[in-house]
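Q: Could you show me how to read a protein structure, one feature at a time?
A: Gladly; let's look together.

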Amino acid sequence: MMVTTHAAIGLLLALPLVAVAPELAAVGALAAVAGGVFPDLDLLVGVHRRTLHFPAYYWLPALSASALALARPGPATVAVALFFLSAAVHSVSDAFGGGPELRPWEATSDEGVYLHPKDRWIPPKRWIRYDGAPEDLLLAAALSIPALFAFDGVVRSIVVVGLVISAAYAAVRKRIPEELLERFQ
């Protein structure tokens, strides 16, 4: 899935704050976006979907921080909880997409996301065939709609920019030069 799809999922996780703690909604949304983006920074350092993707390990800080945020809601506790929750969901949801290979539409890899405790790769389900696939763009757009209406200011601007980036990336995904993609593998 595209990083913007993961960011949109993070925004959905922060959405209840608009109703229950509106004063924390913006900070929660921004932290959720950051958590949704964070695992994909392993494109820059290490092995993609292995170095910063922890489908098992993010849950401990996510659940601990969520319990603390419920007990003592504040900007810091809510931000940490949503950051880790969004990173955990990102890491798990990558198994539902294609593999991390350069041409994932060819479905040549059996590596979806690395499961560290088992020291093995979870195979990709390919429900979203590859990052930037038409269904990925549709999912990013659908998941962004609630946030587009619920948030304002900076968060709404991030949603709009994310949608524009999603559409542009989906339009050129299969035409991105392999040399450029190899830099991020």
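A: Two terms come up at once: contact means heavy atoms within 4.5 Å, while helices (H or I, at least four residues) and strands (E, at least two) are DSSP runs numbered from the N terminus. This is a predicted model, where local features need pLDDT of at least 70, side-chain atom pairs count only at pLDDT 80 or more, and totals for chains, interfaces and linings use all residues. Residues are numbered from 1 along each chain as its sequence is written, and side-chain values use heavy atoms, with hydrogens and water left out.

Q: Which residues of helix 3 and helix 5 meet?
A: From helix 3 come Leu24, Val27, Gly28, Ala31, Ala32, Ala34, Gly35 and Gly36, and they meet Pro75, Val78, Ala79, Leu82, Phe83, Ser86, Ala87 and His90 of helix 5. By class, this contact has 11 nonpolar, 5 polar and no charged residues. Here Ala, Val, Leu, Ile, Met, Phe, Trp, Tyr, Cys and Pro count as nonpolar, Asp, Glu, Lys and Arg as charged, and the others, Gly among them, as polar.

Q: At what angle do helix 3 and helix 5 pack?
A: Axes are lines fitted to C-alpha atoms, for helices over the stretch in contact, and angles run from 0 to 180 degrees between N-to-C directions. Helix 3 and helix 5 pack at about 30 degrees, with axes 7 Å apart. For helix 1 (residues 3–14) and helix 3 (residues 22–37), the angle is about 145 degrees and the axes are 7 Å apart.

Q: Which residues of helix 1 meet helix 3?
A: They are Val3, His6, Ala7, Gly10, Leu11 and Ala14, which meet Gly28, Ala29, Ala32, Val33, Gly36 and Val37 of helix 3. This contact divides into 8 nonpolar, 4 polar and no charged residues.

Q: Is Leu11 buried or exposed?
A: Buried means under 20% relative accessible area, exposed over 50%, and partly exposed in between (1.4 Å probe, protein chains only). Leu11, in helix 1, has a relative accessible area of 4%, so it is buried. Leaving aside neighbours within four places in sequence, Leu11 is in contact with Ala29, Ala32, Val33, Ala147, Phe151, Val155 and Val159.

Q: How many residues does the largest nonpolar core have?
A: In soluble globular proteins, nonpolar side chains tend to be buried together. A nonpolar core is a set of buried Ala, Val, Leu, Ile, Met, Phe, Trp, Tyr and Cys residues joined through side-chain atoms within 4.5 Å. The largest one here has 21 residues, and Leu11, Ala14, Leu17, Ala29, Val78, Leu82 and Phe151 have the most contacts inside it. Helix 1, helix 3, helix 4 (59–71), helix 5 and helix 7 (153–172) each supply at least two residues of this core, and helix 3 gives the most, with 5 residues.

Q: What is the phi of Arg49?
A: Most residues other than glycine have a negative phi. Arg49 has a positive phi, near 70 degrees. Arg49 sits in the loop between helix 3 and helix 4, and counts as buried because its relative accessibility is 4%.

Q: Where does Arg126 lie?
A: Arg126 is in the loop between strand 2 (120–122) and helix 6 (134–150). Its phi is also positive, at about 65 degrees. With a relative accessible area of 23%, Arg126 is partly exposed.
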